[in-house]
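Student: Hi! Could we go through this model together? I'll hop between topics as they come up.

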Amino acid sequence: MGPGLYSEIGKKARDLLYKDYHTDQKFTVTTYTSTGVAITASGTKKNDFIFGEIQSQLKNKNITVDVKANSDSSLLATVTIDELATPGLKSIFSFVVPDQRSGKVELQYLHDYAGVNASIGLTANPIVNLSSVVGSKAFAVGADVSFDTASGNFTKYNAGLSLTKEDLIAALTLNNKGDSLSASYYHLVTPLSSTAVGAELTHSFSTNENTLTFGTQHMLDPLTTVKARFNNFGKASALIQHEWRPKSFFTVSAEVDTKAIEKSSKVGLSLVLKP
C-alpha cells in the first residue's frame, strides 16, 4: 500500500481526538430506492437554529453522482469517476448552485510510492490547489499548496510527514502558512478491544500559544465504543457510541469546562439510521 493522500497524514490521531464529538442534536436517516439511489436526510439543531440537508447518491459502474441540498437554499452536485483511464486515477467535478464561480475539477492519483491531488476552479482567474505525498506506508512526506491566480498570492502552504509502524503512527505538520506546528501520535494498545491512546500538541508562532490534547478510546463490546479527551485549557469531553444495528449508530457526547465548573456541561446527541 502506498502513502495515500496528504489529508491522511495524522488522520488516525485526529479521528481519535475529534471525530464524533459534538454538542448539537443531529438525526440522519438513509433509504434506498428500487433503482439503487441512496437518499440521506439529516437535521441538526445548533442552539436555537435547525439546519436541514438532503443528499441523493447514484452509482453506476465507476461513476458516482452526488446531489446535496441544504436549508441555505444551495445545491451541491459532485460527479466522481474512479479508475479514469488508468488504475489509481480518480476525477471529481463539483459545483454549487447558484454560485456560478464554484465549479471545480479535481484529479486524484494513488501509486505505491506517491499520492497526488490537484484541483482547479472553473473561472477566469481560478484558485489552483496541489498536494502530493511521496514515500511508503511506513514513511511519507508531503506538501499542500494553494495559489490564487487573481491576486498572484499563495493562499495556503502546508507540509507534513508521518511515520507508521504496526501499532504506532506519528505525524508532524506545518500549517497556516507556517504559523503553526503540530505533532501528533496514535498508539493502538490492545487490538482486540480497539483500545488506543493519542495526543496532539500544536504551537502557534504568532501567539506563542500551545494547545495539548490527550485522548483515548476503548470498545466495551463489539458494538459499543467509549472515548474521552482532555486539553490543557481544562476542556474535558467524553462520548459513548452504540451500533444498535449494522451501520446505524446512536451517539451521546458531553463536554465540560473544568476551569469553570459552575457553567453547565454541553451534551450532544446523534442518531444515524441505515437499512
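Student: Which strand is Thr 44 found in?

Tutor: Thr 44 sits in strand E2, which covers residues 38–46. Keep in mind as we go that this is a predicted model.

Student: Is Thr 44 buried or exposed?

Tutor: Thr 44 counts as buried, because its relative accessibility is 19% and the cut-off for buried is under 20%.

Student: Stepping back, how many helices and strands does the protein chain have?

Tutor: The protein chain has 1 helix and 19 strands.

Student: What about overall size: what does the C-alpha trace span along its principal axes?

Tutor: The C-alpha trace spans about 55 × 45 × 40 Å.

Student: What share of the residues is buried?

Tutor: Buried residues make up 29% of the 275. As for contacts with a separation of 6 or more, 27% of them join residues 24 or more positions apart.

Student: Which residues make up the largest nonpolar core?

Tutor: That core has 5 residues in all: Tyr 6, Ile 9, Val 133, Ala 140 and Ala 171.

Student: Let me pick Ala 140 from that set. What is Ala 140 in contact with, beyond four places in sequence?

Tutor: Its contacts are Pro 3, the run Val 133, Val 134 and Gly 135, and the run Gly 160, Leu 161 and Ser 162.

Student: New topic, pockets. How much space lies in the largest pocket?

Tutor: About 790 Å³. The lining of the largest pocket has 36 residues, and Lys 11, Lys 12, Asp 15, Ile 169 and Tyr 186 lie nearest the centre.

Student: Which element gives the largest share of that lining?

Tutor: H1 does, with 4 residues. The elements that give two or more residues also include strands E7 (104–111), E10 (139–148) and E11 (153–164).

Student: And how does the lining split by class?

Tutor: It has 15 nonpolar, 12 polar and 9 charged residues.

Student: What is phi of Lys 61 near?

Tutor: Phi of Lys 61 is near 60 degrees, a positive value in a residue other than glycine. For context, most residues other than glycine have a negative phi.

Student: Where is Lys 61 found, and is Lys 61 buried or exposed?

Tutor: Lys 61 is in the loop between strand E3 (49–60) and strand E4 (63–70). Lys 61 is exposed, as its relative accessible area is 83%.

Student: What about phi of Ser 194?

Tutor: Ser 194 has a positive phi too, about 55 degrees, although it is not a glycine. Ser 194 is found in the loop between E13 and strand E14 (195–204), and at 24% relative accessibility it counts as partly exposed.

Student: Last one: how far apart in space are Asp 257 and Gln 108?

Tutor: They are 41 Å apart, C-alpha to C-alpha, and 149 residues apart in sequence. Asp 257 lies in strand E18 (residues 248–257), and beyond four places in sequence Asp 257 touches Phe 233, Gly 234 and Lys 235.

Note on methods: Residues are numbered from 1 along each chain as its sequence is written. This is a predicted model: local features need pLDDT of at least 70, side-chain atom pairs count only at pLDDT 80 or more; totals for chains, interfaces and linings use all residues. Side-chain values use heavy atoms; hydrogens and water are left out. On a 1 Å grid over the protein atoms alone, a cavity is a set of points where a 1.4 Å probe fits but cannot get out, and a pocket is an open set with protein on both sides within 12 Å along at least five of seven lines; lining residues have an atom within 4 Å of a point. Grid points are joined across faces, edges and corners, and a volume is the space filled by probe spheres set on the points. Ala, Val, Leu, Ile, Met, Phe, Trp, Tyr, Cys and Pro count as nonpolar, Asp, Glu, Lys and Arg as charged, and the others, Gly among them, as polar. A nonpolar core is a set of buried Ala, Val, Leu, Ile, Met, Phe, Trp, Tyr and Cys residues joined through side-chain atoms within 4.5 Å. Buried means under 20% relative accessible area, exposed over 50%, partly exposed in between (1.4 Å probe, protein chains only). Contact means heavy atoms within 4.5 Å.
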